[in-house]
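These are my notebook entries on one structure. I set down what I looked up, entry by entry.

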Amino acid sequence: MNQRLLRLTGAATAAYGLAVARWPGLLARPSGLAGADGAVAPEVAACLRPLAFRDAASGLAMALAPGESALRTAALVRIASDLGDAALLGTVLPQRRHRVMAVVVSVGWGALSVAGLLARPAAPVPAALRAA
């Protein structure tokens with residue numbers, strides 16, 4: 001397991017989740033869920049914010065997990081969420097290009113977590129290089 005990759009992935013996921021919770025258009029527009037003028041209807045924002053808070057929570061769990069077992073569990077939850085997003089958004093978004101992009105992005109985020117779980121631990125930086 002590469003804890004550094006998993007923690008960075010978690011931090012990025014948390015940041016994105018918090019940003020979407022604040023500005024739902026960050027997800028609504030590329031998903032085809034915004035109006036022609038780019039505005040996000042209140043009901044769309046209300047549906048996207050729980051996904052955003054879930055991403056923020058699972059990302060923080062990855063970034064702040066106190067140990068390897070907790071980090072592995074948080075990463076598995078993140079992977080399950082990403083695959084669920086791919087399955088759902090890949091079938092319900094309004095246009096094919098939006099569905100394809102949602103699957104690519106969701107599977108991509110999940111793949112980062114899978115890579116972190118399967119990778120060897122990051123090599124420690126040699127003491128001689130740390131002092132430089």
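**Entry 1: R78.** R78 is found in helix α4. For helices I used DSSP runs of H or I with at least four residues, for strands runs of E with at least two, both numbered from the N terminus. Setting aside residues up to four places away in sequence, I noted that R78 touches T13, R54, D55, S58, M62, D85 and S113, where contact means heavy atoms within 4.5 Å.

**Entry 2: The source.** I noted that this is a predicted model, in which local features need pLDDT of at least 70 and side-chain atom pairs count only at pLDDT 80 or more, while totals for chains, interfaces and linings use all residues. Residues are numbered from 1 along each chain as its sequence is written, and side-chain values use heavy atoms, with hydrogens and water left out.

**Entry 3: The chain as a whole.** How many helices and strands does the protein chain have? I recorded six helices and zero strands, in the pattern α-α-α-α-α-α along the sequence. The C-alpha trace spans about 55 × 25 × 25 Å along its principal axes. Of the 132 residues, 34% count as buried. I also looked at contacts between residues at least 6 apart in sequence: 70% of these join residues at least 24 apart.

**Entry 4: α3 with α4.** Two packed helices are described by the angle between their axes and the distance between the axes. For helix α3 (residues 42-64) and helix α4 (residues 68-92), I found that the axes come within 8 Å and cross at roughly 155°. The axes are lines fitted to C-alpha atoms, for helices over the stretch in contact, and the angles run from 0 to 180 degrees between N-to-C directions. The angle makes α3 roughly antiparallel to α4; angles under 35 degrees count as roughly parallel, over 145 as roughly antiparallel, 65 to 115 as roughly perpendicular and the rest as oblique. α3 passes α4 in a left-handed crossing, meaning that the near helix is turned anticlockwise from the far one by less than a right angle, whereas clockwise would be right-handed. On the α3 side I listed L51, R54, D55, S58, A61 and M62, and on the α4 side L71, A74, A75, R78, S81 and D85. These contact residues divide into six nonpolar, two polar and four charged. In this grouping Ala, Val, Leu, Ile, Met, Phe, Trp, Tyr, Cys and Pro count as nonpolar, Asp, Glu, Lys and Arg as charged, and the others, Gly among them, as polar.

**Entry 5: α1 with α4.** I found that the axes of α1 and α4 come within 11 Å and cross at roughly 50°. The two helices are therefore oblique to each other, and α1 passes α4 in a left-handed crossing. Which residues make the contact of α1 and α4? I listed Q3, L6, R7 and T13 of α1, together with E68, L71, A75 and R78 of α4. They divide into three nonpolar, two polar and three charged.

**Entry 6: E68.** I then looked up E68, which has its place in helix α4. E68 is partly exposed, with a relative accessible area of 43%. Leaving aside neighbours within four places in sequence, E68 is in contact with M1 and Q3. From E68 to N2 I noted 66 residues in sequence and 9.8 Å in space, C-alpha to C-alpha.

**Entry 7: α1 itself.** Helix α1 (residues 3-22) has 20 residues, which at 1.5 Å a residue should span 28 Å; its end C-alpha atoms are 28 Å apart, which agrees. The expected span is 1.5 Å times one less than the number of residues. I listed the buried residues of α1 as L6, T9, G10, T13, A14, G17, A19, V20 and A21. These residues pack against α2 (25-31), α3, α4 and α5 (96-118).

**Entry 8: α1 with α3.** I found that α1 and α3 pack at an angle of about 155°, with their axes 7 Å apart. That makes α1 roughly antiparallel to α3, and their crossing is left-handed. The contact residues divide into 14 nonpolar, six polar and four charged.

**Entry 9: α5.** Lastly I looked up α5, whose 23 residues reach 32 Å from first C-alpha to last, close to the 33 Å expected at 1.5 Å a residue. In α5 I found H98, A102, S106, G110, S113, G116 and L117 to be buried. The buried residues of α5 pack against α1, α2, α3 and α4.

Notes. Buried means under 20% relative accessible area, exposed over 50%, partly exposed in between (1.4 Å probe, protein chains only).
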